[in-house]
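User: Can you take me through this one? I'd like the overall picture before any detail.

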Amino acid sequence: MVDTAHSHEPHSPNHNEHDRHGHGHDGHDHGAHSGHDHHDHAGHGHGGHHHHIHAQPGDWRYGLAIGLNLAIVAIEVGAGLFANSTALIADAGHNLSDVLGLVLAGGAAWLARRPAKGRRTYGYGKATVLAALTNGLVLIFVSGGIVIEAINRLLSPAPVGASVVMIAAGVGLIANTGTALMFMRGHGDANVRGVFLHMASDALVSIGVIVAAAIIAFTHWSWIDPVISVAIVAIIVAGTWGLLREAMDMAMDAAPPSADVPTIQAFLSDCDGVTEVHDLHIWAMSTTEVALTAHLVRPYHDGQDGFRSELTQALERQFGVRHATLQIEQARGEQCPVC
């Protein structure tokens, strides 16, 4: 006998409330997992497949952040050319990359909310992963450009208009700090965390530019401008590397950091009557949702829905796996009788 179970929606912790929703399953006295409380509600085997993506509260943040960054780019490019400041122009370039990153993140969030249809049975949640990956790559690329320009300025120093630089960088600091604060919430989403890192790194760049301009104003040491730029790039790259690695893993369908594979494997193996777990696969459907498939060998499985229903609920409750597909076999490699 082979059974499969699908977990597609969150389940109410209120048993009675859930029972009123019409999921008329038999009692589940046998339990899904040893040592865990048992629930008398299942809610699986739904007719439709609802792949909901958690819409971030306040999607207006993307539009506002894009507008602010475009304004900063215009101000800093003009001021940088006028004051002959490499650091300020580099900051403008960094902000321009943020505009691209915000467009990607906002567009991906919009795509992720579209329902699954046609060949895209998982919906468009993976767009958030691609956006996070592109975001990190763009930031690394722009950082390399800043370093190249800084080296050129070190080799060919030029006078810098310090007062103009400080004013323009101060405007950028205020705008970037305010934008970063808007994205303080939602760091469980790599995409939102990527936007926050962009904004926070821009604020650091602005601080560095202001400090460099102040020193130049008192010492007339123009070489400080590119040196500060290189130091800030090192900070940006260090903060971005983890995000880029996580996005790359998700793009390759690796288990997300929130999913401890050995722990989940042990959890499934410890379930009542389970003698073996094989073909366990865990991957990210988006930057916020985790999916799982596994084969469980359970020789004395009675074919009832209670065990698998409680188990999929436990996976969601304890590990955040909202989309679980479990195949229960009485012997490894058992074939479906209708195949």
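User: What share of the contacts with a separation of 6 or more is between residues 24 or more positions apart?
Analyst: In this predicted model, 75% of the protein's contacts with a separation of 6 or more join residues 24 or more positions apart.

User: And how much of the protein is buried?
Analyst: Of its 339 residues, 47% are buried.

User: How many helices and strands?
Analyst: There are 9 helices and 4 strands. Along the sequence the order is β-α-α-α-α-α-α-α-α-β-β-α-β.

User: Switching to helix packing. How do helix 2 and helix 5 sit against each other, parallel or antiparallel?
Analyst: Helix 2 (residues 60-83) and helix 5 (residues 162-182) pack at about 165°, with axes 9 Å apart. Angles over 145 degrees count as roughly antiparallel, so that is what this pair is.

User: Which hand is the crossing?
Analyst: The crossing of helix 2 and helix 5 is left-handed. The contact includes W60, L64, L68 and I72 from helix 2, and V164, A168, V171 and A175 from helix 5.

User: What's the make-up of that contact, by residue class?
Analyst: It has 16 nonpolar, 4 polar and 2 charged residues. R61 and E76, both of helix 2, are among the residues in the contact.

User: Now the strands. How does strand 3 run relative to strand 4, parallel or antiparallel?
Analyst: Strand 3 (residues 290-297) and strand 4 run parallel, joined by 8 bridges. One of the bridge pairs is V290 with V321 in strand 4.

Key: Residues are numbered from 1 along each chain as its sequence is written. This is a predicted model: local features need pLDDT of at least 70, side-chain atom pairs count only at pLDDT 80 or more; totals for chains, interfaces and linings use all residues. Side-chain values use heavy atoms; hydrogens and water are left out. Axes are lines fitted to C-alpha atoms, for helices over the stretch in contact, and angles run from 0 to 180 degrees between N-to-C directions. Helices (H or I, at least four residues) and strands (E, at least two) are DSSP runs, numbered from the N terminus. Angles under 35 degrees count as roughly parallel, over 145 as roughly antiparallel, 65 to 115 as roughly perpendicular and the rest as oblique. A crossing is left-handed if the near helix is turned anticlockwise from the far one by less than a right angle, and right-handed if clockwise. Contact means heavy atoms within 4.5 Å. Ala, Val, Leu, Ile, Met, Phe, Trp, Tyr, Cys and Pro count as nonpolar, Asp, Glu, Lys and Arg as charged, and the others, Gly among them, as polar. Two strands pair if DSSP finds at least two bridges between them. Buried means under 20% relative accessible area, exposed over 50%, partly exposed in between (1.4 Å probe, protein chains only).
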